[in-house]
Amino acid sequence: MTAITVNLNPIIQLTDNQFYQLCRENPEVKFERNAEGKLLIMPPTGGETGNRNFEIAADFVIWNRQTKLGVGFDSSTCFKLPNGANRSPDVAWIRKERWNALTPEEQEKFPPIAPDFVLELMSPSDSLRETQAKMQEYIDNGVQLGWLINPKMRQVEIYRIGKPVEILASTQELSGEDILPGFILNLQIIWG
C-alpha cells in the first residue's frame, strides 16, 4: 500500500495551525503535506522496516549523545519546509545552533526548518520514484545530506546540495561526512 493523496484544496486550504490540529486530532494517522497543500496519508511500516528504523535510530542516538552537536528526530516528527511542504523523514538531525534559533513554539509544533540531515528507509510499500522525489525536495529546501536506503535493492542513494546523486550498491557503511562528523552507519543492520 502506497501513500494515499487527498486534495482538499478545492474545498479548503488548511493553514499551518489547521494542519497541526488535524494531525493532533488523528494521532493514529501519519499525515504529510506536499508543497501544493495536498494531504498524504502514509501507511504504517511492517515489522522488518520498523526493526531496521529502530536499529538505525539507536546508532544516531548514541552518536548524538556522545558528540552533543545537535538534535535528532524520529519518523513521527513533521517539519515545515521552506516550500510549504510538511515532511516526516525516518531520521532527521539539526545542528544545535540552528535548532536553538527557533522559538519554543516553533520547536513544539512542526518546526519550520529543513533538517541538516535526513534519512529515508524504503519499506516494501514505498514507491521508489516518489521517495526519490521527496529526497530531492529535501535537498532543494536546504537539507545538506540525505540518505535513501533501499534494502530490497541493497542500494543507497546519497543526496548532497549542488551535487549529483551518488548511488552505492551493497556498501558496508556510510559516513556522515562533514555534516555528521565522526558518524558511521554500519549497513549490516540493514542488509542482514
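Student: What share of the contacts with a separation of 6 or more comes from residues 24 or more positions apart?
Tutor: 55% of the contacts in that class. Contact means heavy atoms within 4.5 Å. Before we go on: this is a predicted model, where local features need pLDDT of at least 70, side-chain atom pairs count only at pLDDT 80 or more, and totals for chains, interfaces and linings use all residues. Residues are numbered from 1 along each chain as its sequence is written, and side-chain values use heavy atoms, with hydrogens and water left out.

Student: How many helices and strands does the chain have?
Tutor: The count is 6 helices and 13 strands. Both are DSSP runs, numbered from the N terminus: helices are H or I with at least four residues, strands are E with at least two. The radius of gyration is 16 Å, close to the 16 Å that the globule rule gives for 192 residues, so the chain is as compact as a globular protein of that length. That radius is taken over C-alpha atoms, and the rule is 2.2 Å times the number of residues to the power 0.38.

Student: How much of the chain is buried?
Tutor: Buried residues are 44% of the 192. Buried means under 20% relative accessible area, exposed over 50%, partly exposed in between, with a 1.4 Å probe and protein chains only.

Student: Now the sheet. What is the strand order?
Tutor: It runs β4-β7-β8-β9-β10-β11, an open sheet of 6 strands with mixed pairing. Two strands pair if DSSP finds at least two bridges between them.

Student: Which strands stand at the edges?
Tutor: β4 (70-74) and β11 (166-169). Each has a single partner strand, so one side of each is left without a neighbour in the sheet. Neighbouring strands are turned by 15° against each other on average, direction ignored.

Student: How many bridges join β8 to β9?
Tutor: There are 5, between residues 117-121 of β8 and 145-150 of β9, and the two strands run parallel. Within that pair, L119 stands opposite W147 in β9.

Student: Which strands does helix α5 touch?
Tutor: Helix α5 (residues 128-140) touches β8, β9 and β10 (155-160), and its direction makes about 170° with that of β9. Helix α2 (residues 47-67) lies across β4, β7 (91-95), β8 and β9, at about 160° to β8. Axes are lines fitted to C-alpha atoms, for helices over the stretch in contact, and angles run from 0 to 180 degrees between N-to-C directions.

Student: Switching to cysteines. How many disulfides are there?
Tutor: There are 0. A disulfide here is a pair of cysteine sulfur atoms within 2.5 Å.
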